[in-house]
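My notes are below the structure.

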Amino acid sequence: MVVQVAATDADDPTYGNSARVIYSIVHGQPYFSVEPKTGVIRTALPNMDRETRDQYVLVIQAKDMVGQMGGLSGTTSVTVTLTDVNDNPPHFTHKNYQYTVLESLPVQSVVARIKAADADIGSNAEMDYRLMDGDGPGMFNITTDENTQDGVVILLKPLDFETKSSYFLRIEATNRNIDSDFLSSGPFSDTTSVKVTVEDVNEPPVFSTPLSKMVVSEDAKAGTSIGRVSAHDPDNSNNGIRYSIDRNTDLERFFNVDALSGVISTAKPLDREANMVHNLTILAIESQDPVQIGKGIALITVLDINDNAPVFAIDYETLLCENARTGQVIQTISAVDRDEPLSGHRFYFALAAPVAGNPNFTLRDNKDNTASILTKRSGFRRREQPVYRLPVLIVDSGSPALSSTNTLSVRVCDCDSDGVALSCGAVAYTATGLSTGALVAILGCIITLLGKIQTASESEVAHTAMLLERPV
């Protein structure tokens, strides 16, 4: 059954046959028929083929008087559209396809598009593709373009003409939605062969090791060989290679590379403390085609030597209370060294020889890379000496050991009972409670003394200066 039509007659159905209608098909045979009494339209042939003809226009007649002579009639058109079923398998129009690609084709690029034809439409024409045997699996992949139902071949790994110049793929297309009613019609799949030919391109030189790690001592002399880089032309022509350094990665030109051998050497003295690691870009240039340039990295680590003496870690400001006790720690000092020995730093502290036996202060090495400055007596007076300067000798544990003398300034301060400094340094002498006459007399004495100093010999001046100096 396709559809049922019905006609109406305005005559009195109870009077004779005037309203008794009979249906017949005027146009549409032999594909369809109509039941005379009910108007039910049915298919007249089995296995109608939508792919051959998908639409029919039927003309149906309704005639009263039970279809007898003299009856009146009317007609109508019925449009019948066949819907699709999955009764056609996919089919490749060619059993062999050929495609050519450059060996420089990037990974994930489209290598080829093929399509299996399917006379069905909609979901019945949807299909899946897969790579079967051959060179395809692992090197290529194939997916379905859902808009066009094309099989899209994708590159998975880089191509190399020198290694393999062609590939043979076996591809199968299968209907995605198979109707079990039509399984007997045969397999709903088809296969084809695809040959992919790789074309050669002129490739830049390739380094045998993209990253070369090298080491050099910072005391290496200019011209010292550090290591060697190596590159080759991957093309069959195997052109010669010349090496150079990208000077943007070696602005101060610390290194050179031999153009023919690839040996890297120092060009000037190195300083690990200024630059511990040098990251050089090495260029490999084809002799016959200078536009073909390969790049490699030389990572050069500068090894440390003991070439820096230790110094105070900070600029110390040491304050000493006038009422400090004997043996009191007034400052703990530490040191820094720009070198970095493998076993770590070990510093030794001592007072420099000229003041090693002074009566005021002593130094205690704490054996942990710090030292303490202690008083050797009590009762310091700012008026007598406001500042003491201690030369401290610091020695590292390098081989050979290096040392430096650093001066620690100790300022004498007036402190409160809690040891908090109130005022430090020199004390200003003031004259209070003196009469004007006394002040004039003192001023006169000063002027007389200055006159005598001016007329004194150079030896007397020197002797006076020695007397005025006070030892630490």
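The entries that follow take the salt bridges pair by pair.

Entry 1. I note that this is a predicted model. I counted the salt bridges, and the total is 17.

Entry 2. I looked up D190 and found it in a salt bridge with K95, with the closest N and O atoms 2.9 Å apart. D190 sits in strand β15 (residues 189-199), while K95 is in the loop between β7 (91-92) and β8 (96-102), so this pair ties together parts 95 residues apart in sequence. I then checked accessibility. D190 is at 12% relative accessibility and therefore counts as buried, the cut-off being under 20%. K95 is partly exposed at 44%.

Entry 3. Next I took D304 and R272, whose side chains form a salt bridge at 3.0 Å, N to O. D304 lies in the loop between β24 (293-303) and β25 (311-312), and R272 in the loop between β22 (263-266) and β23 (277-286); the pair links distant parts of the chain, 32 residues apart. For D304 I have a relative accessible area of 26%, partly exposed. R272 is buried, at 6%.

Entry 4. I also looked at R382 and E322, which meet in a salt bridge at 3.9 Å, N to O. R382 is in the loop between β30 (370-375) and β31 (387-395), E322 in the loop between β26 (318-321) and β27 (329-336), so parts 60 residues apart in sequence are tied together. R382 counts as buried at 14% relative accessibility. E322 is buried at 19%.

Entry 5. Last, I looked for shared partners.

Conventions
Residues numbered from 1 in each chain as written. Predicted model: local features only at pLDDT ≥ 70, side-chain atom pairs only at ≥ 80, totals over all residues. Heavy atoms only, no water. Salt bridge = Lys/Arg side-chain N within 4 Å of Asp/Glu carboxyl O. Helix = DSSP H or I, 4+ residues; strand = E, 2+ residues; numbered from the N terminus. Buried < 20%, exposed > 50% of the residue type's maximum accessible area, 1.4 Å probe, protein only.
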